[in-house]
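Hi everyone, thanks for coming. I'd like to walk you through one model today, so let's get it up on the screen.

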Amino acid sequence: MKTPERLVLLGHPVAHSLSPTIQNAALAAAKIPLHYSALDVAPRDLNAVVGELRKETGAGNVTIPHKQTVFALCGRVTEVAKTARGVNTFWFEEGALVGTNTDVGGFDHATRNLMSEHGRPLPQRVTLLGAGGSAAAVATAVSGWGGTALTVWSRTEQSASNLAQRFDCARAERDLTVAVRDAQLVVNATPIGLRDDLLPIAIELLAPGAAVIDLVYRAGATPWVRAARATGLVAIDGLPMLIEQGALAFECWFGFAPDRRVMWEAAAG
Ligand code: NDP
């Protein structure tokens, strides 16, 4: 693969993303003279933008709402992207668009770290709130653990059923209270808490000792993470996943690992 000459984040909207911050810190630390920029691309413009990036040996990340569209545009996708049916990282090889999904590895890494820090094994029962692109990445990671049962709840029941059907370890549950009551880990894969102070589910409904992972991240931790920690639960927001998916993407583009410490420092501001 040729070293990228342009690095971008494709999304709509993109202004809230910390990816430029962490990737530019990683590029500077590695002394790579490139600037990673966020491009706000409306769905109707995506094809044209991907065409331009092909000419410029571009590479980058993909975020909401383009992960499935870019997956469909790829000439080649990795196995993990196939299972997640979405691409968050892309580059070009001999003109062909190649995609992978580092959200899967990012979530896997964040969860393993959280559990081992607290002396816990990987959970046997996980509940996923939401059934969109990031939920598919979480389900892909959980399906790789072997032996973990996944319950999927979504406000749109059909989306939960559709996602659960794709994974042998998963089933959909309509009743949110039932979905979470036995879970050892509950994951929020909805945008609740991103721009409001709402919680995806009240903490009292979780099992005693459950761990909480909120894929949402924002300054000062999310309302759900703050509420969970206040009652003594183990909880992290989406930052550890974001840093790891970014580091794995960097490795895809340049063939070596970035300095994760500088990425963390940049994210902390
Ligand atoms: P999608 O739009 O693909 O999916 C969103 C899901 O949340 C859908 O199931 C949707 O249900 C549900 N949802 C949306 N709004 C509400 C609501 N008000 N109440 C209940 N359910 C709701 O988004 P993604 O999966 O890509 O991203 C979800 C969130 O995850 C993002 O907001 C982002 O903050 C976070 N994220 C974090 C990452 C990280 O590295 N930490 C990586 C990727 C995402 P419905 O189908 O009914 O609309």
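To start, what covers the buried residues of α1? The cover includes β1 (6-11), β2 (36-40), β3, α10 and α11. Before going on, a word on the source: this is a predicted model, where local features need pLDDT of at least 70, side-chain atom pairs count only at pLDDT 80 or more, and totals for chains, interfaces and linings use all residues. Residues are numbered from 1 along each chain as its sequence is written, and side-chain values use heavy atoms, with hydrogens and water left out.

Helices (H or I, at least four residues) and strands (E, at least two) are DSSP runs, numbered from the N terminus. Buried means under 20% relative accessible area, exposed over 50%, and partly exposed in between, with a 1.4 Å probe and protein chains only. Contact means heavy atoms within 4.5 Å.

Back to α1, then. Eight of the 11 residues in α1 are buried, among them Ile22, Gln23, Asn24 and Leu27. Let's stay with Asn24, which sits in this helix, residues 19-29. Its side chain reaches the backbone nitrogen of Tyr36 at 2.8 Å, inside the polar contact limit (a pair of N or O atoms within 3.5 Å; within protein, one must be able to donate a hydrogen and the other to accept it, and residues adjacent in sequence count only if both atoms are side-chain atoms). Leaving aside neighbours within four places in sequence, Asn24 is in contact with Leu34, His35 and Tyr36. Just after α1, Lys31 takes a positive phi of about 55 degrees.

Tyr36 takes us to the aromatics: ring pairs link Tyr36, Phe250, Trp253, Phe254 and Phe256 into a cluster. Rings of Phe, Tyr and Trp (its six-membered ring) pair if their centres lie within 6.5 Å; planes under 30 degrees apart count as stacked, over 60 as edge-to-face and the rest as tilted. By this rule there are seven aromatic pairs. Phe250 and Phe256 have ring centres 5.5 Å apart and planes at 80 degrees, so they pair edge-to-face. For Phe254 and Phe256 the centres are 6.5 Å apart and the planes at 45 degrees, so that pair is tilted. Phe250 is buried at 0% relative accessibility, Phe254 is buried at 14%, and Phe256 is partly exposed at 38%.

Now the pockets. On a 1 Å grid over the protein atoms alone, a pocket is an open set of points where a 1.4 Å probe fits, with protein on both sides within 12 Å along at least five of seven lines; lining residues have an atom within 4 Å of a point. The largest pocket is lined by 39 residues, with Thr63, Ile64, Ser134, Ala189 and Pro191 nearest its centre. Elements giving two or more residues to that lining are β3 (58-62), α3 (67-73), α6 (133-143) and α10 (239-254).

And which residues line the second largest pocket? They include His109, Asn113, Glu117, Pro240, Arg260 and Trp264. Two or more residues each come from α5 (102-117), α10 and α11 (260-268), and α5 gives the largest share, five residues. That's my tour, and I'm happy to go back to any part.
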